[in-house]
Amino acid sequence: MSFGKRYKENLSKLNQEKEYGLEEAVDLLHSFNHSKFDESVDISVNLGVDPKHADQLVRGTVSLPNGTGKKVKVVVVAKDDEKNNKAKELGAIDAGSDDLIAKIKKGWLDFDVMIASPEMMVEVGKLGRVLGPRGLMPNPKIGTVTPDIEKAVNEVIAGKVEYRVDKAGVIAVSVGRVSFEKEKLLENIKSCMNAIIKSKPTSVKGTYFKKLTISSTMSPGLRVDKSEFIN
């Protein structure tokens with residue numbers, strides 16, 4: 001079955017005008033005809049913010065209780081060889097100081113998250129033009145610039161994810177895989193949504209949370225009743 005046919009078949013199962021309850025939406029997502037690979041489950045959150053204003057940028061991290069189901073490629077940049085060696089033991093694919101920075105300068109970017117110790121940020125900052133556009137620049141606000149390298153690596157590998165609003169006012173986050181049990185997906189989605197809602201900037205006066213859609217890699221999106229997340 002081609003992607004086009006599969007997509008149309010799945011689309012026929014849903015009411016595009018309906019806002020589903022979260023549990024019903026996850027059940028429907030599970031009922032879809034999926035690809036042979038374990039598709040990612042993603043949420044898309046439309047917010048009533050203007051990202052052009054610095055005080056309306058919504059960004060943070062959340063530890064998903066059941067992880068993302070994806071093996072995250074973490075690298076560590078630290079002066080301390082002991083910290084670098086420990087990071088590798090914990091699952092970092094590479095760790096170093098000037099040697100790793102030189103490797104990245106030559107074009108190596110096969111990683112998802114960079115964690116750096118504070119004293120290395122002067123050198124890491126020189127990679128801004130390479131790391132910045134790819135969302136790989138370490139940042140103390142999301143815990144990727146820290147003296148506690150061990151804790152940071154453990155959190156990222158266990159399922160700590162970053163969320164960040166884009167230019168259109170939308171946050172897209174991977175919250176698991178279609179192979180996840182229903183309850184695990186529900187826990188992850190609720191944890192992520194709670195974090196995003198709590199991140200509402202004080203400068204936002206109108207409607208903050210506008211729309212929530214969930215989908216898998218190859219599926220149509222399902223609109224979710226946002227009242228489930230508003231007290």
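Reply: Start with Val-76, which stands opposite Ile-115 in strand β5. This is a predicted model. β3 covers residues 74-77 and is joined to β5 by four bridges. The two strands run parallel.

Now widen the view. How many strands form this open sheet, and in what order? There are three, in the order β4-β3-β5, and the pairing is parallel. Strands of a sheet pair through backbone hydrogen bonds, either parallel or antiparallel. β4 (94-96) and β5 (113-116) stand at the edges. Each has a single partner strand, so one side of each is left without a neighbour in the sheet. Neighbouring strands here are turned by 15 degrees against each other on average, direction ignored.

Helices pack against these strands. Helix α4, residues 98-105, touches β3, β4 and β5. Its direction makes about 120 degrees with that of β4. Helix α7, residues 149-158, lies across β3 and β5. α7 runs at about 165 degrees to β5.

Next, some ring contacts. Lys-103 lies over the face of Trp-108, 4.1 Å from the ring centre. Trp-108 also belongs to one of two aromatic pairs in the structure. Its partner is Phe-111. The centres are 5.4 Å apart and the planes make 40 degrees, a tilted pair. Phe-111 counts as buried, because its relative accessibility is 5% and the cut-off for buried is under 20%.

The other pair is Phe-209 with Phe-229. Their ring centres are 6.4 Å apart and their planes stand at 75 degrees, so this pair is edge-to-face. Phe-209 lies in strand β8 (209-216). Phe-229 lies in the segment after β9 (222-224). The pair therefore ties together parts that are 20 residues apart in sequence.

Three bridges join β8 to β9, which run antiparallel. One place to look is Thr-213, whose bridge partner in β9 is Arg-223.

Finish in the core. The largest nonpolar core has 39 residues. Which of them touch the most other members? They are Ile-43, Val-45, Ile-171, Ile-189, Ile-214 and Leu-222. The elements that give two or more residues are α2 (22-31), β1, β6 (160-164), β7, α8, β8 and β9. α8 gives the most, with seven residues. Leaving aside its neighbours within four places in sequence, its contacts include Ala-25, Val-26, Leu-29, Ile-43, Ile-189 and Leu-222. Asp-42, Pro-220, Gly-221 and Val-224 are also in contact with Ile-214.

Methods: Residues numbered from 1 in each chain as written. Predicted model: local features only at pLDDT ≥ 70, side-chain atom pairs only at ≥ 80, totals over all residues. Heavy atoms only, no water. Phe/Tyr/Trp six-rings, centres within 6.5 Å; stacked < 30°, edge-to-face > 60°. Buried < 20%, exposed > 50% of the residue type's maximum accessible area, 1.4 Å probe, protein only. Lys NZ or Arg CZ within 6 Å of the ring centre and 35° of its normal. Pairing = 2+ DSSP bridges. Axes fitted to C-alpha atoms, helices over the stretch in contact; angles between N-to-C directions. Contact = heavy atoms within 4.5 Å. Core = buried A, V, L, I, M, F, W, Y, C linked by side-chain atoms within 4.5 Å.
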